[in-house]
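The paragraphs below go through one protein model, from its overall build to its ring pairs, a helix and a pocket. Please keep the structure open while reading.

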Amino acid sequence: MATRRYEQRLRAQAAEETRRRVLDAVYDQLRETPSQPVSVDRIARTAGVARSTVYAIFGSRAGLFDAFAADVLERGGFRRVLDAVADPDPRVTLRAGITGGVHTFAAYRDVFRALVSMAQLDPDAVGGAMQRSDERRAKGMMRLARRLGRDGLLREGLTPKHAADRLWVLTSFDAFDLLYSGRGRSANAVAGVLVDMAERAVLA
């Protein structure tokens with residue numbers, strides 16, 4: 001029994017190492033040739049596996065990029081955003097959520113830039129992962145706006161729907177990158193500007 005558990009552990013470790021190599025190969029390709037479509041064949045070669053292995057692990061091109069997007073968020077510290085969402089005070093969620101999102105974008109700015117640009121040029125280029133990510137963000141902004149509305153914290157006359165629209169713009173990668181790359185601001189400075197704008201835009 002001990003031998004079987006040891007072998008199972010070795011197989012699981014080998015599978016995770018293979019999965020990691022494939023995801024790292026996606027990082028490499030996005031950084032080296034950000035203007036070129038991502039090639040699963042090239043990813044497989046870089047990772048030292050067969051193309052069929054990539055699909056066996058992730059199921060599809062969409063599955064690969066969903067896993068990659070989740071990996072980028074995890075490595076970038078997206079836990080800070082999740083912790084902010086869990087805070088019972090929606091004002092803390094707004095401030096800490098924007099700040100956490102900014103630092104996540106900054107940690108892998110070049111990768112996010114490539115993903116966002118590819119998705120704009122061809123929605124299927126990264127398996128629809130960015131569209132699904134944006135859909136989740138839109139729902140998150142709507143939930144936050146409703147929380148602010150229930151607590152009487154929205155500006156007079158501002159509906160949760162319109163508040164969510166404003167928050168959607170201010171939490172986007174493009175809003176971050178206009179300041180971070182376009183103006184050369186630090187991540188902390190960008191977070192400060194966007195939090196201030198969000199508070200002025202939606203809070204009473």
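In what order do the elements of the protein run from the N terminus on? The order is α-α-α-α-α-α-α-α-α-α-α. The protein has 11 helices and 0 strands; both are DSSP runs numbered from the N terminus, with helices being H or I of at least four residues and strands E of at least two. This is a predicted model, in which local features need pLDDT of at least 70 and side-chain atom pairs count only at pLDDT 80 or more, while totals for chains, interfaces and linings use all residues. Residues are numbered from 1 along each chain as its sequence is written, and side-chain values use heavy atoms, with hydrogens and water left out.

The C-alpha trace spans about 65 × 45 × 30 Å along its principal axes. Of the 204 residues, 41% count as buried, where buried means under 20% relative accessible area, exposed over 50% and partly exposed in between, with a 1.4 Å probe and protein chains only. V26 and A96 are 70 residues apart in sequence, and their C-alpha atoms are 30 Å apart in space. At the other end of the helix numbering, A198 belongs to helix α11 (residues 187-202) and is buried, also with a relative accessible area of 0%. From A198 to A114 the separation is 84 residues in sequence and 26 Å in space, C-alpha to C-alpha.

Next come the aromatic rings. A pair of aromatic rings is described by the distance of the centres and the angle of the planes. Rings of Phe, Tyr and Trp (its six-membered ring) pair if their centres lie within 6.5 Å; planes under 30 degrees apart count as stacked, over 60 as edge-to-face and the rest as tilted. The structure holds 8 aromatic pairs. One of them joins Y27 and F68 edge-to-face, at 4.6 Å centre to centre and 65° between the planes. This pair links distant parts of the chain, since Y27 is in helix α1 (residues 2-32) and F68 in helix α4 (residues 61-75), 41 residues apart. Y27 and F68 are both buried.

The ring centres of F105 and F176 are 5.5 Å apart and their planes are at 40°, so this pair is tilted. It too links distant parts of the chain: F105 is in helix α6 (residues 90-107) and F176 in helix α10 (residues 173-180), 71 residues apart. F105 is buried at a relative accessible area of 15%, and F176 is buried at 1%. Ring pairs link F105 and F176 with F112, F173 and Y180 into a cluster.

Helix α6 can be looked at by itself. Its 18 residues should span 26 Å at 1.5 Å a residue, and its end C-alpha atoms are 25 Å apart, which agrees; the expected span is 1.5 Å times one less than the number of residues. At its N-terminal end, α6 is capped by D89, with a side-chain oxygen 2.9 Å from the backbone nitrogen of R91. The buried residues of α6 include P90, L94, I98, V102 and F105. An α-helix has 3.6 residues a turn, so residues three or four places apart point the same way.

Which residues are the closest to the centre of the largest pocket? Among the 39 residues that line it, they are F78, S133, R136, R137 and T171. A pocket is an open set of points, on a 1 Å grid over the protein atoms alone, where a 1.4 Å probe fits, with protein on both sides within 12 Å along at least five of seven lines; lining residues have an atom within 4 Å of a point. The volume of the largest pocket is about 990 Å³, taken as the space filled by probe spheres set on the points, which are joined across faces, edges and corners. Helix α8 supplies the largest share of the lining, 11 residues.

T171 sits in the loop between α9 and α10 and is buried, with a relative accessible area of 15%. A polar contact of 2.8 Å joins the side chains of T171 and R137; such a contact is a pair of N or O atoms within 3.5 Å, and within protein one must be able to donate a hydrogen and the other to accept it, while residues adjacent in sequence count only if both atoms are side-chain atoms. A polar atom of the T171 side chain also lies 3.4 Å from the backbone oxygen of W168. The charged end of R137 sits over the ring of W168, 3.7 Å from its centre (the criterion is NZ of Lys or CZ of Arg within 6 Å of the ring centre and within 35 degrees of the ring normal).
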